[in-house]
Structure formats: C-alpha cells, structure tokens
Amino acid sequence: FIAAQRPDVLIANSLEVQKRIQKYYRRSSTVIYPPIRQPKKKPNLSTPKEYYLCFSRLAKQKNIDLAIQACNEMKRKLVIVGDGGEKQYLESLAGENVTFLGRVSDEMLAKIFSKAKAMIYPSIQEDFGMAPVEVLSYGVPIIGAYSGGVKEVVKEGKNGFFFKEISVESIKSALKRFEKS
C-alpha cells in the first residue's frame, strides 16, 4: 500500500484493474488497453464453422475443464489451442470430440479462428483478457464468464453471450442460447 502511493500516475490495462487499484490502493488510475494483434487480411466470415474453440494457457484458473465437460455432454466439437501445466489432466477429460493443438503459428491461428463457431472463455477474474479480443478481431463471437475484463469487450447478444455461474450447466445453457441465435 505504501509503495503504491509513491508513483505520480498509475496505469491499468482495463476497468477491472482500475477498480482493484481504487479498492486496494485508494488511488485513481488511467486505463490504457494492451495492444492486440489484428488479422493481416480481412477474415472470411463465410467459411463454414466446424467447432467451438478454447484459446488459452492451460492453467487451472482458466477453467478449460468445464468447457471440455460441457462439449463432451453436448457432443460438440471443441478445438483447444494453447499449452500449460494442466494439459495432461485436460486430455484425460477429453472425449473424441475434443482436439488439442498445442501452440500454433500465427498463420495457423488465422485458419483455426476462421472455422470456429465461437470461443468458449470460462476464465474468471481476468485482468483484461487479450485472447477474447484477438479472437473477436477475426469475427468469432465469445461465450464467456461474466467476470473480469472480458465484460468490457463482449456485448451480450451482439458479439457473444455470457454465463454467470462458473459451472458446466451454465456453459451449456450459454451454448444453447448462442446456437438458437
């Protein structure tokens, strides 16, 4: 707390972080959003959509296990891009409908994004959430937890859908709402 009083200016990467700075340090701050890679060429939105996508570091707080369980139960194809300490555990949960691609090149990412129906983003209390913004720049909607910085970029019913509870049932409900739209 004392060290946080010394700087002349505090910078936050989202409104979520700005609220935390105010709460814990009792200081105002300026929001400067992080830079996001944009597609080099305009995405082809007419490409047939084949699967749902998780694009994330494979860590416990990202809750990818819930997305896998929801897609397993609904028999929906899910492609997971990313790597991390939870990979082996997540692979043990995956049914035949789930594919792990690990880390991929930027060129490959563009191809993966072009075939995604939507990105499932069950991560909670993200400071900003750069992955959803990057995916949105390719025209892929987000089905995400109503938590953290992602609330600043996803507009319910326009470019995605939220689920309020961090649970398999809540994700399934959001997927159903998305599919009806």
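**Reading cavities, the sheet and pockets**

User: Which residues line the largest cavity?

Analyst: In this predicted model, the lining is made up of Ala-59, Lys-60, Asn-63, Ile-64, Asp-65, Glu-86, Tyr-89 and Leu-90. Next, see which elements contribute: helix H2 (64-74) and helix H3 (87-93) each give at least two residues to this lining. By class, four of the lining residues are nonpolar, one is polar and three are charged.

User: How many cavities of 30 Å³ or more does the structure hold, and what is the volume of the largest?

Analyst: There is one cavity of 30 Å³ or more. The volume of the largest cavity is about 50 Å³.

User: How do I read the sheet, and in which order do its strands lie?

Analyst: Read the order across the sheet, then the sense of pairing. Here six strands form an open sheet, ordered S5-S4-S3-S6-S7-S8, with parallel pairing. Strand S5 (98-102) and strand S8 (160-163) are the edge strands, each pairing on one side only. On average, neighbouring strands are turned by 20° against each other, direction ignored.

User: Which strands does helix H4 lie across?

Analyst: Helix H4 (residues 106-114) lies across strand S3 (51-55), strand S4 (78-81), S5 and strand S6 (116-121). Its direction relative to S3 is about 140°.

User: Now the pockets. What is the volume of the largest pocket, and which residues lie nearest its centre?

Analyst: For a pocket, go from volume to centre to composition. The volume is about 440 Å³. The lining has 18 residues, and Lys-40, Asp-106, Glu-107, Ala-110 and Tyr-138 lie nearest the centre. H4 gives the most to this lining, namely seven residues. By class, the lining divides into six nonpolar, four polar and eight charged residues.

User: What is the volume of the second largest pocket, and which element gives the largest share of its lining?

Analyst: Its volume is about 380 Å³. Of its 21 lining residues, Arg-37, Phe-55, Ser-56, Arg-57 and Glu-134 are closest to the centre. H4 and helix H5 (130-136) each supply at least two lining residues, and H5 has the largest share, with three residues. The classes here are nine nonpolar, four polar and eight charged.

Notes
Residues are numbered from 1 along each chain as its sequence is written. This is a predicted model: local features need pLDDT of at least 70, side-chain atom pairs count only at pLDDT 80 or more; totals for chains, interfaces and linings use all residues. Side-chain values use heavy atoms; hydrogens and water are left out. On a 1 Å grid over the protein atoms alone, a cavity is a set of points where a 1.4 Å probe fits but cannot get out, and a pocket is an open set with protein on both sides within 12 Å along at least five of seven lines; lining residues have an atom within 4 Å of a point. Grid points are joined across faces, edges and corners, and a volume is the space filled by probe spheres set on the points. Helices (H or I, at least four residues) and strands (E, at least two) are DSSP runs, numbered from the N terminus. Ala, Val, Leu, Ile, Met, Phe, Trp, Tyr, Cys and Pro count as nonpolar, Asp, Glu, Lys and Arg as charged, and the others, Gly among them, as polar. Two strands pair if DSSP finds at least two bridges between them. Axes are lines fitted to C-alpha atoms, for helices over the stretch in contact, and angles run from 0 to 180 degrees between N-to-C directions. Contact means heavy atoms within 4.5 Å.
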